[in-house]
Amino acid sequence: MTSDEQALSEFLKHTHELASFYDSDLSLIQFSARLETVRSGNLPLGASLFDIYPGAATGEAKRALDKVLLTRAPTTFNITAAPNREVQVWAFPAADGIGLIEVANSPARAAEAEHSKLMYQANHDVLTGLQNRQRLSERLKEILTPNDGLHVRSALLQIDLDDFKSVNDTLGHGTGDTLLKLAADRIRGVLQEGDSAFRYAGDEFAIIQYGKDPKEAESVAQALVDAFKIPFIINGMPLFVGASVGVAFGPQHGTQGEELMKAADIALYAAKGEGRGCVRTFNRSMMLLIEQRESLRRSLRLALERRELLLEYQPLLRSSGQIVGFEALLRWDHPEIGRITPNVFIPIAESDGLMEEIGRWVLEEACRQAMTWPDSLNVAVNLSPAQFLGGSITDVVAQVIDSTGINAGRIELEITESVLLEETVDNLDTLNTLNVLGIRISLDDFGTRYSSLSYLKNFPFDSLKIDKYFIQDIEKEHKSQTIARAIIAMAHGLDMMVTAEGVETAMQARWLINEGCDILQGYHLGRPMSAEKARIFASKARAPRRRRERIN
């Protein structure tokens with residue numbers, strides 16, 4: 001029994017309220033001693049709510065119950081209670097079901113019921129039914145207070161949903177709210193006896209354990225991460241939203257609530273920085289990493305001005321060995337740290353609102369370099385979701401074309417599926433406008449994440465890029481071969497080109513060529529290179545023999 005369940009059991013024994021609780025099927029699971037007395041013991045566990053309150057099966061009462069289950073928002077309504085008496089009932093979300101409290105007509109009883117209602121609302125999150133931030137602070141104070149002069153071991157697990165913001169931004173707050181309710185249910189599903197769960201902000205949750213071994217906290221944290229690997233199905237669409245967890249132990253990492261929350265938050269920060277979808281336990285060295293990251297954040301704001309950002313170019317080749325262009329890849333040469341990879345600083349740039357400025361520089365610089373190559377060569381540039389959804393990308397592209405003088409047909413913009421989660425008119429208008437300008441559009445990392453075929457039907461793509469995940473073992477893995485073969489056939493059937501990225505061996509290259517893949521990219525064919533080396537490489541665009549030998 002969790003601590004929440006224990007507290008509820010004690011409440012039901014001693015309260016004067018006529019209270020009952022039901023699961024998601026509206027079957028009775030708990031009730032107050034007072035209600036049992038009033039009903040003369042006629043309250044069998046498992047009985048339907050509609051047997052106990054016949055008037056709830058139709059009309060206003062039924063609509064009110066359905067609304068509570070759907071929106072998780074409490075409400076008050078009139079209902080017929082057996083035996084044949086009209087009462088007012090306060091209905092509220094409880095776990096994955098519903099709770100009811102009868103409100104008597106006497107002023108004293110009505111005031112008492114109203115007080116219980118206000119107390120519940122003060123301590124619980126309306127959307128998910130979990131305890132709220134105020135209750136989290138109170139519970140932390142309780143578990144960290146010494147018992148007979150001794151601190152009892154406790155654990156705080158802070159949970160953050162990975163990629164929730166992109167779902168909320170693209171599919172709307174209604175879908176976001178539904179996702180949060182489903183996430184709360186998954187969190188409840190991993191709780192052990194005595195555990196408490198909380199939602200204390202947006203997509204941030206917490207679990208508190210008291211008097212348990214640290215291994216149990218880490219076990220619950222891992223179970224939670226595993227539970228979130230299963231996609232959420234909302235309106236028939238699978239949504240992949242993972243969970244990152246930071247763990248801190250009291251009193252080892254803090255004897256005050258704020259101290260323990262800070263330690264767990266730092267551990268959570270480390271989990272998200274190490275790839276997300278994982279568990280990290282606080283240690284003192286994490287403080288140094290946080291300080292380093294904040295230093296990077298400050299430095300990144302000046303990186304463009306100080307000319308620390310640069311582009312490298314990786315060649316794109318046809319099966320014949322002919323160069324068709326280069327993909328521009330962003331790098332950061334920090335004066336003290338050295339080369340910093342994009343997976344480290346791009347998330348910082350996106351969270352700090354710097355991506356539109358950086359993205360504009362990348363596009364303009366890449367196009368200026370492309371103007372030094374033969375006219376037959378194209379340049380591919382990645383667009384981040386922040387750039388695409390910023391609303392000004394079409395204007396930026398048009399201005400870059402004007403300022404550099406490049407032919408629009410030589411530009412290929414690569415976008416990922418995350419920017420197209422919702423097939424909105426704005427998204428379609430943006431892609432169509434780019435298409436009208438003559439820009440080529442490529443769907444990057446195809447085959448991972450959502451891979452909705454409706455994107456290919458409804459959006460004007462010129463090419464698909466097969467993610468390197470399917471290329472790395474394509475010589476021997478039958479499933480990867482089947483998927484890659486299907487993508488190539490489907491793309492060609494839709495008059496799209498296919499690029500395979502991450503080609504690192506001659507065997508991979510030969511397999512892809514034999515299956516009809518149009519363009520290859522990877523270390524086997526050419527590593528990312530400086531602008532100067534790219535110019536030399538590009539100058540040999542009409543001499544494919546040696547590169548064909550390299551491929552074969």
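**Gln-481**

I began with a side chain: a polar atom of Gln-481 lies 2.8 Å from the backbone oxygen of Ile-474. The model is predicted, so I noted the limits: local features need pLDDT of at least 70, side-chain atom pairs count only at pLDDT 80 or more, and totals for chains, interfaces and linings use all residues. Residues are numbered from 1 along each chain as its sequence is written, and side-chain values use heavy atoms, with hydrogens and water left out.

I placed Gln-481 in helix 19, residues 478–493. Helices here are DSSP runs of H or I with at least four residues, strands are E runs of at least two, and both are numbered from the N terminus. Is Gln-481 buried or exposed? I found it buried, at 15% relative accessibility. Buried means under 20% relative accessible area, exposed over 50%, and partly exposed in between (1.4 Å probe, protein chains only). I then listed its contacts (heavy atoms within 4.5 Å). Leaving aside neighbours within four places in sequence, Gln-481 touches Ile-474, Glu-475, Lys-476 and Trp-511.

**Whole chain**

I counted 22 helices and 21 strands. Of the 552 residues, 49% count as buried. The C-alpha atoms fill a box of roughly 95 × 55 × 45 Å along the principal axes.

**Cores**

I looked next for nonpolar cores, meaning sets of buried Ala, Val, Leu, Ile, Met, Phe, Trp, Tyr and Cys residues joined through side-chain atoms within 4.5 Å. The largest has 75 residues, and Phe-326 and Leu-413 touch the most other members. Helix 13 (residues 355–370) gives the most to this core, with seven residues. A second, separate core of 35 residues includes Leu-161, Leu-180, Ala-243 and Val-247.

**Domains 1 and 2**

The assignment, automatic or from a database, gives domain 1 (3–105), domain 2 (113–282) and domain 3 (304–541). I checked the first pair. The C-alpha centres of domain 1 and domain 2 lie 28 Å apart. In contact are 18 residues of domain 1 and 17 residues of domain 2. Together they bury about 1,300 Å², 50% of it on carbon and sulfur atoms. Buried area is the accessible area (1.4 Å probe) that two parts lose on being put together, summed over both. How many salt bridges are there between domain 1 and domain 2? I found zero. Strand 4 gives the most to the side of domain 1 that touches domain 2, with four residues.

**Salt bridges**

I used this rule: a side-chain nitrogen of Lys or Arg within 4 Å of a carboxyl oxygen of Asp or Glu. The count comes to 24 salt bridges.

- Asp-66 pairs with Lys-62, the closest N and O atoms being 2.9 Å apart. Both lie in helix 4, four residues apart, about one turn of the helix. Asp-66 is partly exposed at 36% relative accessibility, as is Lys-62 at 26%.
- Lys-212 meets Asp-195 at 2.9 Å, N to O. Both sit in loops, so the pair ties together parts that are 17 residues apart in sequence. Asp-195 is buried at 0% relative accessibility.
- Lys-465 meets Glu-501 at 3.6 Å. I placed Lys-465 in strand 19 and Glu-501 in the loop between strand 20 and helix 20, 36 residues apart. Lys-465 is buried at 2%, and Glu-501 is buried at 12%.
- Arg-135, Glu-138, Arg-139 and Glu-142 are linked in a network of salt bridges.

Methods: Polar contact = N/O pair within 3.5 Å; in protein donor to acceptor, adjacent residues only side chain to side chain.
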